[in-house]
Amino acid sequence: MILVAIFSETGFFDYCAVKTYRLSRGRVWAMIIMLCLIAAVLSAFLDNVTTLLLFTPVTIRLCEVLNLDPRQVLIAEVIFTNIGGAATAIGDPPNIIIVSNQELRKMGLDFAGFTAHMFVGICFILLFSFPLFRLLFWNKKLYNKEPSEIVELKHEIHVWRLTAQRISPASREETAVRGLLLGKVQALEHLLARRLHTFHRQISQEDKNWETNIQELQKKHRISDKTLLTKCLMVLGFVIFMF
């Protein structure tokens, strides 16, 4: 936890998140998967709760840029930090308690043994979790708000349907008018379905303004202290080596 606190002063977590956005070239699912993978890897060697708390502000900022609901992305990061935290003996407090148990240590369970057994299993879980996660979020509303043309089209459909419902088919003329209005509603619903399909497909496509966005993000979220980051990485490597 002390190491994570010092890491946070270097801007390392913000840099990782912005780098993820750059590598994904604005593609939403690619960015989410890479964010989850980075969170899982960091959680294997650093405290996962603190790591997630430091990832949260920049994740929310990226979601604002891409018009995404940050709750879904943060839930995914929580899941993968828990998976990654189980990979090593220092990834989670329960792991530390298990490895520190004297009876288990007498049986030969040490840092290397624990990590060797858990790491392989966690790799399989990660490989299985990515497609499962994609399937679970298939019908989730990832975008915060819909484009104005879709909102207006939904309002138009509502108005035409309400008008059709208020016409009582008492005469042949009224029945014909009601039928025309319902036909108009049906045509607009087909148009809405096509536009929604096109809109939802954008989630796997490239954000057109990603190059402009990345320049703005890099100015605010960058490595603020490279010397301190180098020292932190050396100390972390030394700690893991001594374990």
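Trainee: What share of the chain over residues 114–137 is helix, and how far apart are the end C-alpha atoms?

Mentor: Over residues 114–137 the chain is 96% helix and 0% strand, with the end C-alpha atoms 33 Å apart; helices (H or I, at least four residues) and strands (E, at least two) are DSSP runs, numbered from the N terminus. This is a predicted model, in which local features need pLDDT of at least 70 and side-chain atom pairs count only at pLDDT 80 or more, while totals for chains, interfaces and linings use all residues. Residues are numbered from 1 along each chain as its sequence is written, and side-chain values use heavy atoms, with hydrogens and water left out.

Trainee: Which residues does the UniProt annotation "transmembrane region" cover?

Mentor: According to the unreviewed UniProt entry, that annotation covers residues 28–46 and 114–137; the positions are given in the numbering used here, feature names are shortened, and annotations may be inferred rather than shown by experiment. Residues 28–46 are 95% helix and 0% strand, and the end C-alpha atoms there lie 26 Å apart. The protein chain has 12 helices and zero strands.

Trainee: Why is D69 called buried, and why is R71 called exposed?

Mentor: The terms rest on relative accessible area, where buried means under 20%, exposed over 50% and partly exposed in between (1.4 Å probe, protein chains only). D69 has 9% relative accessibility and therefore counts as buried, whereas R71, with a relative accessible area of 59%, is exposed.

Trainee: What makes the contact of D69 with R71 a salt bridge?

Mentor: A salt bridge is a side-chain nitrogen of Lys or Arg within 4 Å of a carboxyl oxygen of Asp or Glu. The closest N and O atoms of D69 and R71 are 2.8 Å apart, so the pair meets that rule. Side chains of opposite charge can pair when their charged atoms come close.

Trainee: How many salt bridges does the rule give?

Mentor: The count comes to two. R161 and E189 also meet in a salt bridge, at 2.1 Å from N to O. R161 lies in helix α9 (residues 148–166) and E189 in helix α10 (residues 172–201), so this pair ties together parts that are 28 residues apart in sequence. R161, at 30% relative accessibility, counts as partly exposed, and E189, at 34%, counts as partly exposed too.

Trainee: How many aromatic pairs does a search of the whole structure find?

Mentor: The search finds four aromatic pairs. One of them joins F7 and F12, at 5.4 Å centre to centre with 50 degrees between the planes. Rings of Phe, Tyr and Trp (its six-membered ring) pair if their centres lie within 6.5 Å, and planes under 30 degrees apart count as stacked, over 60 as edge-to-face and the rest as tilted, which is why the F7 and F12 pair is called tilted. F7 is buried at 1% relative accessibility, and F12 is buried at 16%.

Trainee: Why is the pair of F80 and F130 called stacked?

Mentor: The planes of F80 and F130 are 20 degrees apart and the centres 4.8 Å apart, so the pair falls under the stacked class. F80 lies in helix α5 (residues 70–85) and F130 in helix α8 (residues 111–136), so the pair ties together parts that are 50 residues apart in sequence. Both F80 and F130 are buried, and ring pairs link W29, F80, F130 and F133 into a cluster.

Trainee: How do you know that T88 is buried, and which residues does T88 touch?

Mentor: T88 has a relative accessible area of 3% and is therefore buried. Not counting residues up to four places away in sequence, T88 touches A44, F45, N95, F114 and T115, where contact means heavy atoms within 4.5 Å.

Trainee: Where is the place of C16, and with which residues is C16 in contact?

Mentor: C16 is in helix α2 (residues 12–24). With a relative accessible area of 11%, C16 is buried. Leaving aside neighbours within four places in sequence, C16 is in contact with I38 and F55. C16 and A39, 23 residues apart in sequence, are 9.4 Å apart in space, C-alpha to C-alpha.
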